[in-house]
Amino acid sequence: MNKLSGNIPQSLSALTSLSHLNLSYNNLSGVIPTGNQLQTLDDPSIYIGNPYLCGPPSTRNCSANEINYEDNEGPKDKFEWLWIYFGVVLGYLFGLAVFCGVLLLNNAWRNAYFSVIDIVCDKLCI
């Protein structure tokens with residue numbers, strides 16, 4: 001359940017120390033690679049929940065004309081990124097408003113803040 005999509009890379013079959021693998025409930029497609037360690041992982045449940053995978057050890061046969069189905073959640077992912085950007089901007093604006101509000105309302109902090117800014121500017125200019 002890692003939201004993986006696409007084909008399983010053939011290079012995965014070249015691993016030599018693989019003892020456990022669980023690719024269940026993702027959006028993987030294409031032929032399940034065969035080779036070294038993957039041959040020892042013959043439990044079909046490690047590929048369950050991937051309706052577009054085919055080949056042994058799954059029960060679905062592959063045909064020569066089969067189309068590989070890719071993850072079709074592009075707009076959903078863009079929408080999720082929009083919410084992340086919105087949250088970052090909202091957090092920035094809220095933090096800026098709190099900072100300016102504190103400087104506006106508290107005279108002692110305002111004087112201390114601007115005196116520190118003056119000291120830092122003087123040190124940078126020297």
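Let's count a disulfide as a pair of cysteine sulfur atoms within 2.5 Å. By that rule, this predicted model has zero disulfides. In general terms, a disulfide is a covalent bond joining the sulfur atoms of two cysteines.

Take Cys121 as a worked case. The closest cysteine sulfur to its own belongs to Cys125, and the gap is 6.4 Å, so the two are too far apart for a bond.

Now for the stretch at residues 82-105. The UniProt record, an unreviewed entry, annotates these residues as "transmembrane region". In the model, the span is 100% helix and 0% strand. From end to end, the C-alpha atoms of residues 82-105 sit 34 Å apart.

You'll find Asn26 in the loop that links β1 (5-7) to β2 (27-31). Is Asn26 buried or exposed? Asn26 has a relative accessibility of 9%, and buried means under 20%, so Asn26 counts as buried.

What does the side chain of Asn26 reach? It gets to the backbone nitrogen of Leu4, at 3.1 Å. Leu4 is also on the list of residues in contact with Asn26 once neighbours within four places in sequence are set aside. That list includes Met1, Asn2 and Lys3 as well, along with Gly49 and Asn50.

Note on methods:
Residues numbered from 1 in each chain as written. Predicted model: local features only at pLDDT ≥ 70, side-chain atom pairs only at ≥ 80, totals over all residues. Heavy atoms only, no water. Helix = DSSP H or I, 4+ residues; strand = E, 2+ residues; numbered from the N terminus. Buried < 20%, exposed > 50% of the residue type's maximum accessible area, 1.4 Å probe, protein only. Polar contact = N/O pair within 3.5 Å; in protein donor to acceptor, adjacent residues only side chain to side chain. Contact = heavy atoms within 4.5 Å. UniProt positions renumbered as here; feature names shortened; annotations may be inferred.
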